[in-house]
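Try each task on the structure before you read its solution.

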Amino acid sequence: ARVGRTIILTSGTTGTPKGAARRTPGGFGPLISIIDRIPLHARDRILIAAPIFHTWGYAAMQLSIAMRSTMVMQRRYQPESAIEAMVRNDVQAVFAIPVMLQRMVDQVPDLAEHARRLTKLRVIATSGSAYPSGFTTRFMDAVGDVLYNLYGSTEASWVAIATPQDLRRDPDTAGTPPLGTVVRIVDGDGNEVPEGEKGRIFCGNELVFDGYTSGADKDRMDGLVATGDLGYVKDGLYFVAGREDDMIVSGGENVYPAEVESLLVQHPAVQEVSVVGVPDPEFGQRLAAFVVVREGESLEADEVRELVRAERARHCIPREVVFLDELPRNATGKVLARELRKHFT
């Protein structure tokens, strides 16, 4: 019999979305790899807040069907209505994307009080983009140690899962590879890098894609596929340092925008921030910081630069600081870098 395939579109944050052909699992391996790390139970009531057209929302639906779970869905996500749906349906698990939890923290002032009503909640599983530095700890302080964050990609499926215990050790970790997943972090020659050193992330598991529908492919090595991200390992935990194509060379120095973002987001006046590389006629590229200031707070461009100057190398200081009412995001909550770069084209 002919085995079917699923075509999943990439998010298209930097260009046109691409179709990724995903093979059909031959057994329960993928399900086991998830429930081995995330304590989902058969017949749980699960709120699927993540859009079903998103890889994570689609995975939540598949997992729910496999476990004979009751799926709770809403037409639109609003933080307070989502909480009410969680309480009303007495859910045990929630599947969401990170920006949904960020909005929950920003828009629900009595979040900890609401959380006390969720007496059966044991899992909030998220995936799709990185959290602001330190956010995961703040969220668990309010809601409880129920947060599980999955790092993966359309092409590689899941790469690592961070449990609440992992996030308590380091709020910014991607966790560790789940059962059945192999991860290698390598240099430009394909050699594994020492612990603590950044390198390219390659991953292999049962759900790695077969290639794009256009005929293009990701870099592959020894049966593993490149995720497109840079990462490193520290004390047994895996970390994502940013996209390979996010790194810029400014005046001959390698600069990682994520290092600047993680600093700026800790400022009490900053609600969210995105740092991207833009063309520069003198240095090749330069950093531009796009900042959303919290309501009732104020911040000047020079303050942003001074903060970076005090904590980071000179070449990390953003030459441009742009204040926005909100960051442009796609329907799955990822920041659209291509829209930000239009400010300088």
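One thing to keep in mind: this is a predicted model.

**Exercise 1. Find the hairpin of E12 and E13, and work out which residue in its turn has a positive phi.**

Step 1: E12 and E13 form a hairpin, with two residues between the strands. In that turn, Asp235 is the residue with a positive phi, of about 55°.

Step 2: Check the pairing. E12 and strand E13 (residues 237-243) run antiparallel and are joined by six bridges.

**Exercise 2. Work out which other strands pair with E12, and how well covered E12 is.**

Step 1: Start with strand E11 (residues 220-221), which is antiparallel to E12 and joined to it by two bridges. Arg220 has Val225 of E12 as its bridge partner. This hairpin too has two residues between its strands, and Asp222 takes a positive phi near 55°.

Step 2: Now go to strand E10 (residues 199-204), which pairs with E12 in the antiparallel sense over four bridges. Here Gly199 sits opposite Gly231 of E12.

Step 3: Look at burial. Of the eleven residues in strand E12 (residues 224-234), ten are buried, so the strand is mostly covered, taking buried to mean under 20% relative accessible area.

**Exercise 3. Decide how helices H3 and H4 are oriented to each other.**

Step 1: Helix H3 (residues 79-88) packs against helix H4 (residues 98-107) at an angle of about 100°, and their axes are 9 Å apart.

Step 2: Angles of 65 to 115 degrees count as roughly perpendicular, so H3 is roughly perpendicular to H4.

Step 3: List who touches whom. H3 brings Pro79, Glu80 and Ile83, while H4 brings Arg103, Met104 and Gln107. Sorted by class, that contact has three nonpolar, one polar and two charged residues.

**Exercise 4. Which residues have the most contacts inside the largest nonpolar core?**

Step 1: That core has 51 residues, and the ones you want are Leu121, Ile124 and Phe139.

Step 2: Beyond its neighbours within four places in sequence, Phe139 contacts several residues, including Leu101, Met104 and Leu147.

Methods. Residues numbered from 1 in each chain as written. Predicted model: local features only at pLDDT ≥ 70, side-chain atom pairs only at ≥ 80, totals over all residues. Heavy atoms only, no water. Axes fitted to C-alpha atoms, helices over the stretch in contact; angles between N-to-C directions. Parallel < 35°, antiparallel > 145°, perpendicular 65-115°, else oblique. Contact = heavy atoms within 4.5 Å. Nonpolar A, V, L, I, M, F, W, Y, C, P; charged D, E, K, R; others polar. Core = buried A, V, L, I, M, F, W, Y, C linked by side-chain atoms within 4.5 Å. Buried < 20%, exposed > 50% of the residue type's maximum accessible area, 1.4 Å probe, protein only. Pairing = 2+ DSSP bridges.
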